[in-house]
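Subject: Structure for you to look at

Hello,

Here is the structure you are taking over, with the sequence alongside. My notes on what was found in it follow below.

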Amino acid sequence: MEEIFAVKGNIIFTKEFGKYEIMEDGYIVVHGKSIKGVYKELTEEYRNIRVEDYGDSLIIPGFVDLHLHAPQFANLGLGLDKELMPWLEAYTFPEESKYSDVHYARKVYFSLIRELWRFGTTRSCVFATIHKNTTKLLMDLFADSGLGAYVGKVNMNRNSPDYLTETTEASLNDTEEILEEYCGKYELVKPIVTPRFVPSCSFELLKGLGELAEKYNVPVQSHLCENYGEISFVKSLHPEYKNYAEIYNGAGLFGDVPTIMAHCILVDEDEIELMVKKDLYVAHSPNSNFNLSSGIAPIRRLVSRGVSVGLASDISGGHSLSMMNVITSSAQAANIKWIESNRVDQPLSTADLFYLATKGGGKFFGKVGSFEEDYEFDALVIDDRNIPAFRTFTVEERLQKFIYTGDDRNIKERYVSGKKISEPKVY
């Protein structure tokens, strides 16, 4: 029988974009993996349940990283003085070639998962490499850790180094093998169809991946309109399409199943209209966009048009797995975008960005990222007593100070789907 328990503390979350819900010294009641409600006092039916009392700590939803590259963890902080395409060729592709080696992959992937745990990322959407066996290994390691993830075997059959170029048949066969084996294997770790991007995938391969996504009813993740050089290359490859998004759409990879497109910095109006129509998710990765000289995504405009947006580290284009760091970079990017747009695209508040880092990305996983009834209980307990304070702060101010000046040492407990998750252990 599933246990009913409660956690007690200063509760803060966002049901709606930009609007905090706060219950000071309150209780979240959890039944199994799901939230029953948030209460100021426990009602009679819950009077005798177990209570985890965290005193004056903050209790917030777990962070969601909507886009990262697991093999690139080994390259964190390297090559960030290059633009996207040269960076891929000089750093990323050589590193990803190493993941045919299970022992090397295990070492890097375990370290990545431990760091995600450390920074309070309870769910993530992850690119692996083209290698079938180590993609499976990554999914198994995530499942052992207790963290939630979508993990995708990357697909590449053109315009790539020989050591990372697959045949169309092998790429599709390996992808389908993973889908058959892992769609129902774990509760919190699932496969996701993952074409790297249009330059590295022929239309035949893209179309085949779209058919697999539909056949197995699994989501899709890829990249869209990240960089001027990339977009120019895509136009030369597919002059028959009016824009980048239409290529994915023509292949059944643009919202026919739940779909994440990373970056979307340079999307045009036609692409935005299609994104709205197909209910696309955008993974906003400001650190990567800055580091690789790609630009600033129009997040305020996308949100105002009804596009679903979540935040992402995008390591190793991004230089940090910390979603607190991503929130602060997102705020700075939005401030500059406001100036760049002649003060049309309004800046994003901390409440706006906290929503994107929790419920905004969490929606991709279902009822995740909030403390509403029937949502899965993903939570972080934040002890901010070591953050200097010379007056009394509101709960909102304490959350902002933690995001901007705190770090992983302030995260004292992590819950995923109702279970307390301890630090992953080395095999």
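Asn10 sits in strand E1, which covers residues 4–16. Please keep in mind throughout that this is a predicted model. Asn10 counts as buried because its relative accessibility is 5%, and buried here means under 20%. Apart from neighbours within four places in sequence, Asn10 touches Met23, Glu24, Asp25, Gly55, Asp56, Ser57, Leu58, Ile59, Val395 and Arg398. The strand as a whole is mostly covered, with 10 of the 13 residues of E1 buried.

E1 pairs with two strands that I want to mention. With strand E2 (residues 19–31) the pairing is antiparallel and runs over 10 bridges. Within that pairing, Phe13 has Glu21 of E2 as its bridge partner. Two residues lie between the strands in the hairpin of E1 and E2, where Gly18 has a positive phi near 80°. With strand E4 (residues 50–61), E1 runs parallel, and six bridges join the two. Here Lys8 has Asp53 of E4 as its bridge partner.

**The sheet E5-E6-E7-E9**

Four strands make up an open sheet with parallel pairing, in the order E5-E6-E7-E9. Strand E5 (63–69) and strand E9 (189–191) are at the edges; each has a single partner strand, so one side of each has no neighbour in the sheet. On average, neighbouring strands of this sheet are turned by 15° against each other, direction ignored.

Inside the sheet, strand E6 (residues 121–127) and strand E7 (residues 148–152) run parallel and are joined by five bridges. Val126 is opposite Val151 in E7. Helix H3 (residues 132–145) lies across E6, E7 and E9, and runs at about 180° to E7.

**The sheet E11-E12-E13-E14**

Another open sheet of four strands has the order E11-E12-E13-E14, again with parallel pairing. Its edge strands are strand E11 (220–224) and strand E14 (308–311), each of which pairs on one side only. Neighbouring strands in this sheet are turned by 30° against each other on average, direction ignored.

Strand E13 (residues 281–284) pairs with E14 in the parallel sense over four bridges, and Ala283 is opposite Gly310 in E14. E13 also runs parallel to strand E12 (residues 259–263), with three bridges joining them; there Met261 stands opposite Val282 in E13. Which way do the residues of E13 point? Tyr281 and Ala283 point one way, Val282 and His284 point the other way, and all are buried.

Helix H12 lies across E13 and E14, and runs at about 105° to E14. Phe354 is found in H12, which spans residues 350–362. Is Phe354 buried or exposed? With a relative accessibility of 0%, Phe354 counts as buried. Leaving out neighbours within four places in sequence, its contacts are Ile12, Phe13, Thr14, Tyr20, Ile60, Pro61, Phe63, Leu399 and Ile403. Phe354 also lies 7.2 Å from Ile327, C-alpha to C-alpha, although the two are 27 residues apart in sequence.

In helix H13 (residues 395–405), the buried residues include Val395, Arg398, Leu399, Phe402 and Ile403. Viewed down the axis of H13, the buried residues fall within an arc of 135°, so they line one face of the helix. An α-helix has 3.6 residues a turn, so residues three or four places apart point the same way.

**Helix H11**

Helix H11 has 18 residues, 323–340, and spans 25 Å from its first C-alpha to its last, close to the expected 26 Å. Its buried residues include Met323, Met324, Val326, Ile327, Thr328 and Ser329. Further along, Ser330, Ala331, Ala333, Ala334 and Lys337 of H11 are also buried.

What happens at the two ends of H11? At its start, a side-chain oxygen of Ser322 comes to within 3.3 Å of the backbone nitrogen of Met324. Just after the helix, Asn342 has a positive phi of about 55°.

Best regards

Terms used: Residues are numbered from 1 along each chain as its sequence is written. This is a predicted model: local features need pLDDT of at least 70, side-chain atom pairs count only at pLDDT 80 or more; totals for chains, interfaces and linings use all residues. Side-chain values use heavy atoms; hydrogens and water are left out. The expected span of a helix is 1.5 Å times one less than its number of residues. Buried means under 20% relative accessible area, exposed over 50%, partly exposed in between (1.4 Å probe, protein chains only). A polar contact is a pair of N or O atoms within 3.5 Å; within protein, one must be able to donate a hydrogen and the other to accept it, and residues adjacent in sequence count only if both atoms are side-chain atoms. Contact means heavy atoms within 4.5 Å. Two strands pair if DSSP finds at least two bridges between them. Axes are lines fitted to C-alpha atoms, for helices over the stretch in contact, and angles run from 0 to 180 degrees between N-to-C directions. The arc is that of the directions from the helix axis to the C-beta atoms.
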